[in-house]
Amino acid sequence: MTPTGLEPARMNRKKGDKGFESPRPYKLTHQVVCINNINFQRKSVVGFVELTVFPTVANLNRIKLSSKQCRIYRVRINDLEAAFIYNDPTLEVCHNESKQRNLNYFSNAYAAAVSAVDPDAGNGELCIKVPSELWKHVDELKVLKIHINFSLDQPKGGLHFVVPSVEGSMAERGAHVFSCGYQNSTRFWFPCVDSYSELCTWKLEFTVDAAMVAVSNGDLVETVYTHDMRKKTFHYMLTIPTAASNISLAIGPFEILVDPYMHEVTHFCLPQLLPLLKHTTSYLHEVFEFYEEILTCRYPYSCFKTVFIDEAYVEVAAYASMSIFSTNLLHSAMIIDETPLTRRCLAQSLAQQFFGCFISRMSWSDEWVLKGISGYIYGLWMKKTFGVNEYRHWIKEELDKIVAYELKTGGVLLHPIFGGGKEKDNPASHLHFSIKHPHTLSWEYYTMFQCKAHLVMRLIENRISMEFMLQVFNKLLSLASTASSQKFQSHMWSQMLVSTSGFLKSISNVSGKDIQPLIKQWVDQSGVVKFYGSFAFNRKRNVLELEIKQDYTSPGTQKYVGPLKVTVQELDGSFNHTLQIEENSLKHDIPCHSKSRRNKKKKIPLMNGEEVDMDLSAMDADSPLLWIRIDPDMSVLRKVEFEQADFMWQYQLRYERDVVAQQESILALEKFPTPASRLALTDILEQEQCFYRVRMSACFCLAKIANSMVSTWTGPPAMKSLFTRMFCCKTCPNIVKTNNFMSFQSYFLQKTMPVAMALLRDVHNLCPKEVLTFILDLIKYNDNRKNKFSDNYYRAEMIDALANSVTPAVSVNNEVRTLDNLNPDVRLILEEITRFLNMEKLLPSYRHTITVSCLRAIRVLQKNGHVPSDPALFKSYAEYGHFVDIRIAALEAVVDYTKVDRSYEELQWLLNMIQNDPVPYVRHKILNMLTKNPPFTKNMESPLCNEALVDQLWKLMNSGTSHDWRLRCGAVDLYFTLFGLSRPSCLPLPELGLVLNLKEKKAVLNPTIIPEAIAGNQETAINPSSHAQLVGFQNPFSSSQDEEEIDMDTVHDSQAFISHHLNMLERPSTPGLSKYRPASSRSALIPQHSPGCDGTPATKPPWSMELARKGTGKEQSPLEMSILHPVATTPLSVFSKESTSSKHSDHHHHHHHEHKKKKKKHKHKHKHKHKHDSKEKDKEAFTFSSPASGRSIRSPSLSD
Amino acid sequence: MADTTATAGAGSSGTRSGGKQSTNPADNYHLARRRTLQVVVSSLLTEAGFESAEKASVETLTEMLQSYISEIGRSAKSYCEHTARTQPTLSDIVVTLVEMGFNVDTLPAYAKRSQRMVITAPPVTNQPVTPKALIAGQNRPHPPHIPSHFPEFPDPHTYIKTPTYREPVSDYQVLREKAASQRRDVERALTRFMAKTGETQSLFKDDVSTFPLIAARPFTIPYLTALLPSELEMQQMEETDSSEQDEQTDTENLPLHISTDDSGAEKENTSVLQQNPSLPGSRNGEENIIDNPYLRPVKKPKIRRKKSLS
């Protein structure tokens, strides 16, 4: 039986659950995970799982489960041995050894591979055959218990072992292990149904060394010693139905802290860190209280655990009833800067406990609801904890981020719908990766996705009010908790899954409002809005003529139609106007309320009801307008570029009370370097009541203005007297007061001002001597003895300030940098850096902030030519064993060096680290930094860009990173940045042989290189949506080549493939011959070489010779070819089938066939043939050590 | 001969006591004595018919002779002290010699033998001049209650003190300046020292000494140094805020927490109890009955094995 046979049954199956249809022909109700041996020395795990499964269709004979990198020894169903196949196409995405190196091809192949084993679609890597003895049992839909013995040896992903190499037992060393991963990655450490939509109850057992603690999901029922008393077993029970993807584990010699406020909450940390843990978690109960109050719902699980571990994959990972944090979030009471950050992490993880862990999602396209809600309630917590200003500032920051990202990349789609499966309709064709699966997403995209999700939730709140919003959440939660308590009615459990439609329905039920347009605009569609605004005041009509233009043609933009709020501050007060943005109306007339009458001295009412005195002398005498704001509430995801006069920005900065408005005006004032701007900024800086972040950004703006005004600037350098007044001694103004950071606002200002001041430049474009001396004095007189808080961040920023003051060295004909020609100022700076860096070795600061700043500063000095450029220092700091922040800073410097000095050696060193570093986060980060600061880009000539590098990176993303989704996507990002979507330009084209025959060599190179460059441009400019277009453009002179390109690109997606060939049938330029020829000609002429030359017409002998030389793939037996042909019904399908199968004659290809099966049902037999084939490959690929597995290989009847 | 040697021995002991006055001449005496002994040995050798001798053998004989004479002196002193005297008499010497197995009766004959050589007395070295102690001021006479046989007062400069002090630096600016530069000097000296004694890295290839950076050394557990406050900071914290003392005591107890397995549970309990002060008082009573599964004792294995399998 094949899945195709199941298809109709699946469609017919109707369950009581509203709308949710399981992609699986069975329902999982309970799973046991038992890990009875964990070996830290060998980094191995041995255990078994047992899944209790109810078939939902009668003829179920195969069960697909998710499992990666586990070695499966034995599978039994109801105590009967069962045959199984383990097959993971994502291990190696592209199997052919051809020189095909274009990213388009890879992305399609990767997406296909991921969906071939996508648990959300009912697929899996592990395929178990139900023993024939049980068929009758299955037909009665009776319970099946699947028992799988497995082990893991040196897992590369999913479970991370941290084993410090010191003396002592594992517990004394602080060795620990924890589960980690991006999205559903549980399959990396035990076989399961790794989908967020398959819920079941859990029994988890972990036998660990007696000195260790195993922390996992649910309630710890008991801890029992083993017979030899050297180990103990932790028994956990999770009675709330939970998806496997939300199961986690952490084992280590943890110190245990029961939360003093909530005894059901337990905190764990590594040895010696207990005091920090106490301080860090002392706040958590307030977060609990907050969420429970706003959601009017108790925390759904009966307990909660936080575990702080080293070498974390991400800072925060939320799982059912437990969260895993990075140990680096722990801090003592002396640390200011880390405190809010850590608290935010705690709050974030807790929000995800409700939405994400307890409430799961139906499918990947519903992810935005969960991320949106958890992000939104986290925002509410921020508002309550840090205040409205911080909240609005954060929203503005997030909005700016998403806008910038969407404009850069072309859009983030929250709710992708994959109807029809046509690649042409791919909503994300502008991206270099597929958004169909979480595991193909670029990490940056995913973070932006989360950011957009919570912003959209906020938009919904704006629309329906917060009260309704919270009611909706409450409804979701109470439905879910009712469902979760139905212990034996597993069909009810789907109530715990949220879907986009269900969520929207709740909204409309609760609020009675139609938010469909909003959803359509922001959820079903990608892109943001870009407004350009300008205005004129019509004095005669006393009317404000506002013009609002939109740019909706650039990538990442969309057209906005609907209401838009505009706030106008007039002399008589502040007035809100709601404009209707329509198709063609650009101009909007807004009547003004006040006449200009400045002679009457009267207080001016502001938006918040406050009345203030203003000096109105700066404003236009004829106009009553003080300032205008477009969309002040940020109720559209937009970027606004608004033009108003400088004095209006200045008024806005001084008198508008909204921090977002202040921030915007600061940004705008950069363009108006006038004394008035200077005054406005200085006033803001001095105003204690003003939000500290606004004051901080005012510092930087002031520095920029001062630089623009350098020729007319009077008085001491900007901010100097201000700083002196605020932070220096009254009697001796050159000496800073001893540190007292009790007022955090002035602390942040005190930290920032010198950093901004160091950006000042004099007429020679050098940092004024006065400023440098000032900063050096700050460092010299820094005295923290009387301070309650640590000054490590402050000192680090002083070093940043020193680095900021560095300007490029004046170099006389490339002289070598030595000590002798060192600039005296730089010598002073270097002295400080040396001392700080050395002192760190003796008295390390918290999180080594000072070392980090010193490393950055040294790189700045190198880059500016004061110190010889040399990566050796950074490389030593980047080694494993340094604190992660230091490593990242050092690696950043190496990455920068690689770019600036175009060093092949350093690039290799980095690539080597990406492959071999023990810490997944560091590997990810290197890729990320290389992508952000690439050594070269696709349209750039660089000596680094060569074939070996292409091969290396290709290998990295093709097979080298199969154990870590995030890393693989990172490698894809890097590849994209370096080489673009199409074939890297540094590669010799495989078509070279052909082209050589046609034209002279000189003529050959040009047409291949030029189209590449144009294609690259085209990608960025117009986002070509179809491959045919692009390829056609690339190969204007050779139709046969055209064909070659296409089936390489889209070969994994049968739909696109077929449609392409359908197109070709209609295309006169393609010789009709080629449709029929390849298959037959190949079987006749070159039967042994298939991979490289699929679909290539054999009309040109040299061409096929060329390919024959290159073809290194597996051989295909002529016998099979002969079987293939008679079976096939149409030549078209022969062609497509044959080309895929020949290219992927490895074991993974049958998955693609299954993938295609839905569309092509008429080829069952033919397919079985392949299945046999693939099984044989499996035999070769996997060496099973247990006799049970040997059985599976022998079992012949899988495809019957 | 015996007399001369004896006096030489006494002389030497005398000079040793004299050596206390000035340390330098002690060596001189030692050398002189040695030289005399050497002459004695040489003359005895000549007397015995040797024409020449190796320096080493002369030295050895000298050493032997010296030891012998010293032993005579030591023993004689012991005998005399034994009889509660301070000055050795002839009889002491005689007893000593007898005790050492020397036939005393042969001695006068030996002393009067004909071919004996007479050695000139060693040149009298100048008696070392005791440097005059610096006399600063008049020694104070004894006060009436101190008997006159008590030693005199030492020179006034050894006990008289003249209090001198500068005005304390109260100028804030100077103080800060001083603190800053002191601190900076200490830091620089310390880091330079560390750099000199250990491995270094340098920013300039041609010059490794001007800006020496202590080489980066990876840690086995990097997060500990990065996260835990240093002792200095802890101390500061204690000084600035005594309410933080809770934490301080916790870290002192730390080794307890790292301990293992079964007793761990109880210890965790105590750690919770330690924290009590931060809780509202009403809660204190409940503390003992916290029901947290991680605090429960670990169960003994049951006879029935692995019920989990069921």
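Axes here are lines fitted to C-alpha atoms, for helices over the stretch in contact, with angles from 0 to 180 degrees between N-to-C directions. Helices are DSSP runs of H or I with at least four residues, strands are E runs of at least two, and both are numbered from the N terminus.

This is a predicted model, so local features need pLDDT of at least 70 and side-chain atom pairs pLDDT 80 or more, while totals for chains, interfaces and linings use all residues. Residues count from 1 along each chain as its sequence is written, chains are lettered from A and ligands numbered from 1 in the order written, and side-chain values use heavy atoms, without hydrogens and water.

Back to the pair. The crossing of H11(A) past H12(A) is right-handed, that is, the near helix is turned clockwise from the far one by less than a right angle, with anticlockwise being left-handed. Who touches whom, with contact meaning heavy atoms within 4.5 Å? From H11(A), the residues include Phe468(A), Val472(A) and Leu476(A), and from H12(A), Phe503(A), Ile507(A) and Val510(A) are among them. The contact splits into 7 nonpolar, 4 polar and 1 charged. Nonpolar is Ala, Val, Leu, Ile, Met, Phe, Trp, Tyr, Cys and Pro, charged is Asp, Glu, Lys and Arg, and the others, Gly among them, are polar.

Next pair: H18 (720-727) and H20 (769-780) of chain A cross at roughly 20 degrees, and their axes come within 12 Å. H18(A) and H20(A) are therefore roughly parallel, and their crossing is left-handed. Lys720(A), Phe723(A) and Thr724(A) of H18(A) meet Glu770(A), Phe774(A) and Leu778(A) of H20(A). The tally is 3 nonpolar, 1 polar and 2 charged.

Now a sheet. It's open, with 3 strands in the order E3-E7-E6 (chain A), paired antiparallel; pairing takes at least two DSSP bridges. E3 (62-65) and E6 (84-86) of chain A each have a single partner strand, so one side of each has no neighbour in the sheet. E6(A) is joined to E7(A), residues 126-129, by 3 bridges, and Phe84(A) has Ile128(A) as its bridge partner.

Last, domains, with bounds from an automatic or database assignment: chain A gets domain 1 (22-87 + 125-253), domain 2 (369-523) and domain 3 (529-636). The C-alpha centres of domains 1 and 3 of chain A are 61 Å apart.

Methods: Contact means heavy atoms within 4.5 Å. Angles under 35 degrees count as roughly parallel, over 145 as roughly antiparallel, 65 to 115 as roughly perpendicular and the rest as oblique.
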